[in-house]
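Subject: Structure for you to look at

Hello,

Please find the structure below. Open it first, then read the notes that follow.

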Amino acid sequence: MSAGTEFLAVVMEKLRGRIRELDETIEFVQKDIEGMHEYYWENYTEMDQYGYENFDNSQALLTQINANQENLNMRRRLKRMLDSPFFGRVDFIYDGDDEAETFHIGIGNFSEKRGGIPLIYDWRAPVSGLFYDYDRGPASYEAPSGRMHGEISSKWQYKIRGGRMIYEFESDMKIDDDILKQELGTNSDTQLKNIVRTIQKEQNAIIRNTKDKVLVIQGAAGSGKTSVALHRIAYLLYHDRENLRSSNILVLSPNSVFSDYISHILPELGEENIREMSLDLFAYRELKDTVADCEDRYHQIERQIREGCAGRDRQAREARYRWKQSKEFVQCVEGFLVELEDRLVDFQNVEYKGMEKKAEEILKLFYHKFSGVPLLSRMDAVMECFVDEYETLHDKTLPEEELLVIRERFESLYVTTDLYVIYNWLLEDSGYPALRDVPAEKRFLKYEDVYPLLYLKYRLLTGAARRNIRHLVIDEMQDYSYLQYVILGLLFPCNMTILGDRAQTVDQEPMDVLTFLPEIFGRKIRCIEMKKSYRNTAEIAEYAGKITGIEGVEYFQRHGKAVEERRLASREEALDEVLRQVRLIRLEAEAAGEERGTDERREMPGAEEMRGASKAGPTREKSSAESGSEIEYENAAVLTMTEEEAIDAYRYLKERREDVYYIDRDSSLFQKGITVTTFYLAKGLEFDQVFVLGGEKESPLFQQFRYICATRALHELYVYDFGA
Ligand SMILES: Nc1ncnc2c1ncn2[C@@H]1O[C@H](COP(=O)(O)OP(=O)(O)OP(=O)(O)O)[C@@H](O)[C@H]1O
């Protein structure tokens with residue numbers, strides 16, 4: 001028996017033993033909790049009148065409930081480890097020692113007894129850095145007590161599934177390329193995969209970076225930005241448990257489907273899930289007291305495509321849109337706010353039950369004492385002053401109803417508190433047309449006005465900062481404007497991981513956010529570039545590279561089918577061709593009703609097959625009886641430029657196959673089968689086969705459309721044009 005298999009047997013035995021112990025403890029504590037409940041209900045009428053006994057009881061109960069929750073979490077983690085307890089091993093000879101110490105690395109720490117020496121080290125533990133960062137030879141890692149130096153005498157990689165050793169081998173390389181090729185060659189899951197077994201050195205440096213407050217990652221399509229950002233979160237949660245909980249982390253994701261796509265990674269890495277939201281939805285909620293409805297980014301893109309290059313007044317509209325999201329706009333708001341001080345308030349005496357505050361006094365407080373308070377919150381500060389004086393004079397605390405009356409009197413000094421009206425003043429002052437003057441329930445904001453109005457709100461009222469968020473992740477950074485980053489800075493004065501790819505912008509005039517992010521976030525910022533791409537086969541990567549002409553991207557060499565470009569007579573013919581080319585694993589009826597697959601679905605071939613597997617590619621094959629030796633996939637996508645085209649394609653395909661799903665901006669589930677959607681909603685996702693349909697060649701977004709679609713494909717890419 002090999003050393004790896006022997007160790008696996010020992011670990012499995014001990015894992016099962018710990019799980020049995022935990023089962024017993026959980027049952028015991030549960031009985032204790034039930035006993036406490038019973039005691040309470042039987043005796044609560046006789047408990048001491050001051051409630052001390054009652055308080056003691058509930059404290060004890062709470063302690064036990066928390067303890068059991070911890071036990072349950074631990075059991076869940078260990079059960080997960082039963083499937084694959086470890087995936088790597090490093091033998092390290094510390095400087096000054098003669099013998100190597102062995103470290104097995106897995107998805108979590110495991111020791112036989114609580115607090116004992118780990119049999120398995122969590123991939124995030126300091127010593128595990130050796131596995132990702134070094135080949136055999138001199139190496140070092142950062143331990144809490146300082147940098148530890150030594151030499152790696154041997155390194156192993158394992159694949160274990162269902163508690164069984166699939167393969168093991170000693171490797172000289174950091175992460176053996178064959179393994180990575182195999183991982184990348186497997187069919188895409190419906191969701192993003194965790195990459196702990198094959199994290200690359202440059203990715204590891206980003207994941208383990210705790211120094212930089214704002215880390216900005218510019219990375220080519222498929223370079224692993226999203227994967228790295230999520231693993232980084234898992235790492236930060238592991239290393240700063242005292243100060244950082246999953247509820248303190250927020251991911252700004254482009255839409256709900258993307259949220260679903262990444263939602264399982266953190267639970268898989270042994271952490272609780274984190275909150276996700278789209279900035280557009282947040283803005284809409286923040287403005288719902290001011291306007292009835294807002295356009296979102298996707299409406300804006302659709303309009304841009306419809307209008308193309310030739311739309312009437314397009315240039316003027318474009319210029320206005322740009323100005324409203326720009327640095328110039330932010331500066332303009334500052335100037336406007338200074339003038340607004342004089343325009344917004346009609347100073348008058350305020351009286352309440354015989355006590356009066358003269359207009360001049362209010363003016364003084366407003367302009368001098370509280371000059372640092374935002375304008376629409378300032379009168380509140382003046383009112384507090386008045387209330388203080390009143391309460392001191394009458395030696396009493398005013399009840400809520402009276403405070404309300406006083407507040408109203410002070411508020412009435414404002415000419416208006418309606419943000420919509422004030423925003424219109426700003427537009428008129430700046431020489432732009434005002435929004436329609438309609439009652440609140442009929443107000444509709446175009447996308448170009450959503451963030452300017454939101455910004456104005458935060459500059460006029462206190463309380464924008466969401467201090468419970470301690471780490472913000474911004475994915476698809478290229479899709480946020482200067483103004484949106486300024487707003488994000490106000491909302492989230494915390495650490496950030498910002499990631500994106502300037503080539504995947506969906507803007508007519510792409511801008512590089514890296515040029516202004518340092519200005520907004522100051523010296524706390526560090527920018528890193530990820531140049532190696534992992535998703536696509538070499539053939540697809542080369543094709544995508546030609547679309548943008550971007551140079552300098554390094555591709556992981558994995559070969560596959562040539563990209564197929566064809567012109568067909570009609571849209572229907574193109575869709576018929578899709579139906580002919582699509583090759584999904586499941587029978588249609590089966591795929592339609594079933595939930596997401598099990599781990600078994602991702603299974604790779606055995607050890608022997610693995611070692612000779614440099615031919616990497618999707619590993620599932622139909623039985624020869626079904627279709628010779630053709631490869632089958634988990635999912636495919638039909639991607640179009642516009643929503644209308646996507647709906648048409650969906651209808652056509654759905655009539656002919658069961659497992660066809662349409663994703664629109666409100667969808668929240670990413671499913672196995674054929675996904676039909678637009679290029680802008682497919683951002684961030686990946687598919688085994690991608691079919692790109694048509695697109696308006698004259699549109700300024702055509703190049704981005706083709707590039708984003710092409711880079712979504714893992715194994716096969718088909719580009720179909722149709723018509724004359
Ligand atoms: N170290 C790695 N080991 C295995 N797979 C990896 C690794 N790095 C990236 N990948 C795979 O590459 C693909 C792309 O990763 P990811 O979606 O995180 O990239 P991205 O840079 O966010 O892409 P895009 O910007 O194009 O949406 C995924 O399938 C991911 O699992």
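Two residues are in contact if their C-beta atoms, placed from the backbone, lie within 7 Å. Among contacts in the chain between residues at least 6 apart in sequence, 72% join residues at least 24 apart.

This is a predicted model, in which local features need pLDDT of at least 70 and side-chain atom pairs count only at pLDDT 80 or more, while totals for chains, interfaces and linings use all residues. Residues are numbered from 1 along each chain as its sequence is written.

The chain overall

The secondary structure comes to 26 helices and 24 strands; helices (H or I, at least four residues) and strands (E, at least two) are DSSP runs, numbered from the N terminus. Of the 724 residues in the chain, 37% are buried. A residue is buried if 20 or more other C-beta atoms lie within 10 Å of its own, exposed if 12 or fewer, and partly exposed in between, with C-beta atoms placed from the backbone.

The domain assignment gives domain 1 (1–174), domain 2 (346–413) and domain 3 (532–589 + 632–723). These bounds come from an automatic or database domain assignment. Between the C-alpha centres of domain 1 and domain 3 there are 42 Å.

The ligand

Which residues come nearest to the ligand? They are Ala-221, Gly-224, Lys-225, Thr-226 and Ser-227, out of 24 residues around the ligand. A residue is near a molecule if its C-beta atom, placed from the backbone, lies within 6 Å of it. By type, the shell holds 7 nonpolar, 11 polar and 6 charged residues. Here Ala, Val, Leu, Ile, Met, Phe, Trp, Tyr, Cys and Pro count as nonpolar, Asp, Glu, Lys and Arg as charged, and the others, Gly among them, as polar.

The open sheet

An open sheet is formed by 6 strands in the order β9-β8-β14-β15-β7-β16, with parallel pairing. β9 (275–277) and β16 (525–530) stand at the edges with a single partner strand each, so one side of each has no neighbour in the sheet. Neighbouring strands are turned by 15° against each other on average, direction ignored. For such angles, axes are lines fitted to C-alpha atoms, for helices over the stretch in contact, and angles run from 0 to 180 degrees between N-to-C directions.

Two strands pair if DSSP finds at least two bridges between them. β8 (residues 249–252) is joined to β14 (residues 471–474) by 4 bridges, and the two run parallel. In this pair, Leu-252 stands opposite Ile-474. The helix α6 lies across β7 (214–219), β8, β14, β15 (495–500) and β16, and runs at about 165° to β15.

In β24 (residues 713–722), 7 of the 10 residues are buried, so the strand is mostly covered. β24 pairs in the parallel sense with β19 (residues 564–568) over 5 bridges, and Arg-567 stands opposite Asp-721 there. β24 also pairs in the parallel sense with β23 (residues 687–693), over 6 bridges; in that pair Val-692 stands opposite Val-719.

Helix α26 (residues 702–710) is largely enclosed by the rest of the structure, because 7 of its 9 residues are buried. The buried ones are Gln-704, Phe-705, Arg-706, Tyr-707, Ile-708, Cys-709 and Ala-710. Their cover includes α20 (538–548), β20 (635–640), β23 and β24.

Some single residues

Most residues other than glycine have a negative phi. Lys-353, in the loop between β11 (350–352) and β12 (355–357), has a positive phi of about 40°. Lys-353 counts as exposed because it has 10 C-beta neighbours inside 10 Å. Asp-395 has a positive phi of about 50° and is found in the loop between α14 (375–394) and α15 (400–411). With 6 C-beta neighbours inside 10 Å, Asp-395 also counts as exposed.

Is Ile-674 buried or exposed? Ile-674, in strand β22 (residues 673–678), is buried, because 27 other C-beta atoms lie within 10 Å. Not counting residues up to four places away in sequence, Ile-674 touches Val-582, Ala-636, Val-638, Leu-653, Arg-657, Asp-659, Val-660 and Tyr-661. Ile-674 and Phe-702 are 28 residues apart in sequence and 23 Å apart in space, C-alpha to C-alpha.

Regards
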